[in-house]
Amino acid sequence: MQRAVTAVYPTELSALEVREELVRLGIPDGQITMIPETTSEAATPGLRSSADHHDRLDRLGLPEDDTRTYLQAVRNGDFVLSVEVDDAERLDRIKEIMRNPGQARDLYALDEEYQ
């Protein structure tokens with residue numbers, strides 16, 4: 001069974017570090033989505049619109065409330081990283097990597113902040 005594990009990071013560097021660790025674990029790069037893809041994409045007006053980010057988040061198949069929170073995080077300069085997991089044996093390790101409290105933002109705190 002495939003599922004998405006998704007987290008929010010305050011900087012491109014922290015998102016890239018997590019992405020690299022996932023790739024070292026053996027997750028194919030094609031199963032990892034980063035929104036926005038780069039700081040320059042986030043900082044360049046018109047390069048990608050909120051609608052583009054929303055469409056990419058929608059394709060992840062996340063609950064609508066989570067999608068709204070992730071979209072607002074991206075608008076505020078954060079980076080969303082999502083990985084499609086089809087290996088139940090590595091699921092706990094993937095969650096541990098992605099939810100590293102030293103790097104990932106607290107989704108519940110973001111929900112409260114954006115309401």
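The questions and answers below go from the overall fold to single residues.

Visitor: What should I know about the model and its numbering?
Guide: This is a predicted model, in which local features need pLDDT of at least 70 and side-chain atom pairs count only at pLDDT 80 or more, while totals for chains, interfaces and linings use all residues. Side-chain values use heavy atoms, with hydrogens and water left out, and residues are numbered along each chain, as its sequence is written, from 1.

Visitor: Which pattern does the chain follow along the sequence?
Guide: Helices (H or I, at least four residues) and strands (E, at least two) are DSSP runs, numbered from the N terminus. The chain has six helices and three strands, and, read along the sequence, its pattern is β-α-β-α-α-α-β-α-α.

Visitor: What percentage of the residues in the chain is buried?
Guide: Buried means under 20% relative accessible area, exposed over 50%, and partly exposed in between, with a 1.4 Å probe and protein chains only. Of the 115 residues in the chain, the buried ones make up 38%.

Visitor: Which residues touch the most other members of the largest nonpolar core?
Guide: A nonpolar core is a set of buried Ala, Val, Leu, Ile, Met, Phe, Trp, Tyr and Cys residues joined through side-chain atoms within 4.5 Å. The elements that give two or more residues to the largest one are β1, α1 (12–25), β2 (32–35), β3 (79–85) and α5 (91–98). Apart from it lies another core, of 11 residues, with Leu57, Leu60, Ala73 and Leu110 among them. In the largest core, which has 18 residues, those that touch the most other members are Tyr9, Leu22, Leu81, Val83, Ile94 and Met98.

Visitor: With which side chain does the side chain of Thr6 make a polar contact?
Guide: Thr6 belongs to strand β1 (residues 3–9), and it counts as buried because its relative accessibility is 6%. Contact means heavy atoms within 4.5 Å, and, leaving aside neighbours within four places in sequence, Thr6 is in contact with residues including Leu62, Tyr70, Leu81 and Met98. A polar contact is a pair of N or O atoms within 3.5 Å; within protein, one must be able to donate a hydrogen and the other to accept it, and residues adjacent in sequence count only if both atoms are side-chain atoms. At 2.8 Å, the partner of the Thr6 side chain is the side chain of Ser82.

Visitor: Is Ile27 buried or exposed?
Guide: Ile27 lies in the loop that runs between α1 and β2. Leaving aside its neighbours within four places in sequence, it is in contact with Leu22, Ile32, Val83, Arg90 and Ile94. Because its relative accessibility is 4%, Ile27 counts as buried.

Visitor: How are α4 and α6 oriented to each other?
Guide: Axes are lines fitted to C-alpha atoms, for helices over the stretch in contact, and angles run from 0 to 180 degrees between N-to-C directions. The axes of α4 (residues 64–75) and α6 (residues 107–114) come within 10 Å and cross at roughly 80°. Angles under 35 degrees count as roughly parallel, over 145 as roughly antiparallel, 65 to 115 as roughly perpendicular and the rest as oblique. The two helices, α4 and α6, are therefore roughly perpendicular.
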